Amino acid sequence: MKEMFFISGLPRSGSTLLSAILRQNPKLYADISSPVQGLMASAINVVTNGESNHLISEGKRKTILKGLFESFYSDVKQPIIFDTSRVWTSKTSLLKELFPQTKIVCCVRDLFWILDSFERITAKNSLYSAVLTDGEACQTVTTRCDALMDVKKEGAVVKPYYHLEEGLLLNPDMIMLVEYESLCREPESTMQEVYKFIDKPYFDHNFTNVEYKNEVFDRSLNMKGLHTVRKQVTWEERLSILPKSVFDKYAGKEFWRTQQPEVDFAIKSEYTFRDSSRRAINNA
């Protein structure tokens, strides 16, 4: 069976960029979110709720679940697979049960700038109604941001936020956090840390020729450009387009920087982006 690793974390935090970089290595396969996690959850429910539940051993359950991975990636030639899902961080114990040596690389970013990124994508697709928020919530920038962070409605940002918190508390040893700014500012040193974390020899990536897009998937969300990666990995300072009220509500909630000092971070320079975001608001 192919060797399995995982990509997870927060949306709009560099997971597509990370996958695009990893894809340059001929031994690695990576892409945007796959349906494997959903298939696995469904399989567990079917087995557990079936009348034969008590007749199926734990060994057989593992075989069934690992078979889903093997079947889904049977046509992939690369020996090392990175499967992507925002939910994997809430399934760390299960992944460790199936693949004891596996690791999860999680991309993270300030919540405020994640919301800012979603709002920019929304603005670029003004002819369409985005499906990430319902009709009532999509009326204003503030309601759109609140909807993405709405726990009761399983908002697209808050849900993986809590998944990540769960994973870091339960199995921090198998998670590596990659800050979006570090990946853009210092891609080579960041990727060296990633390879070290998964215990694989480093591949000499070309950070001036990284390209990826998935127009079919983005069209299904009415969000053209959601998974389009620029050719050159660079960092660009910019002013936020969100109101100060949104900043005041969601800034400073990055628990992974204060609660989990023992977790590996791919970060090589002093992190000052939160200060930059505050200056952007003040200068807007």
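Select strand β4 first: Ile-104, Cys-106 and Val-108 lie on one side and Val-105 and Cys-107 on the other, and all are buried, so both faces are covered. Buried here means under 20% relative accessible area. In a regular strand the side chains alternate between the two faces of the sheet. The count for β4, residues 104-108, is 5 buried out of 5. Keep in mind that this is a predicted model.

**Next stop: the neighbours of β4**

β1 and β4 run parallel as a pair, with 4 bridges. Pick Phe-6 and look across to its bridge partner in β4, Ile-104.

Click Cys-106 and find Leu-177, its bridge partner in β5.

**Next stop: helix α5**

Colour the helix by burial. Of its 14 residues, 10 are buried, so α5 is largely enclosed by the rest of the structure. Among the buried ones are Phe-112, Trp-113, Asp-116, Phe-118 and Glu-119.

**Last stop: the whole chain**

Zoom out. The chain has 12 helices and 6 strands. Of its 284 residues, 46% are buried. Finally, show contacts. Among those with a separation of 6 or more, 78% join residues 24 or more positions apart.

Definitions and conventions. Residues numbered from 1 in each chain as written. Predicted model: local features only at pLDDT ≥ 70, side-chain atom pairs only at ≥ 80, totals over all residues. Heavy atoms only, no water. Buried < 20%, exposed > 50% of the residue type's maximum accessible area, 1.4 Å probe, protein only. Helix = DSSP H or I, 4+ residues; strand = E, 2+ residues; numbered from the N terminus. Pairing = 2+ DSSP bridges. Contact = heavy atoms within 4.5 Å.
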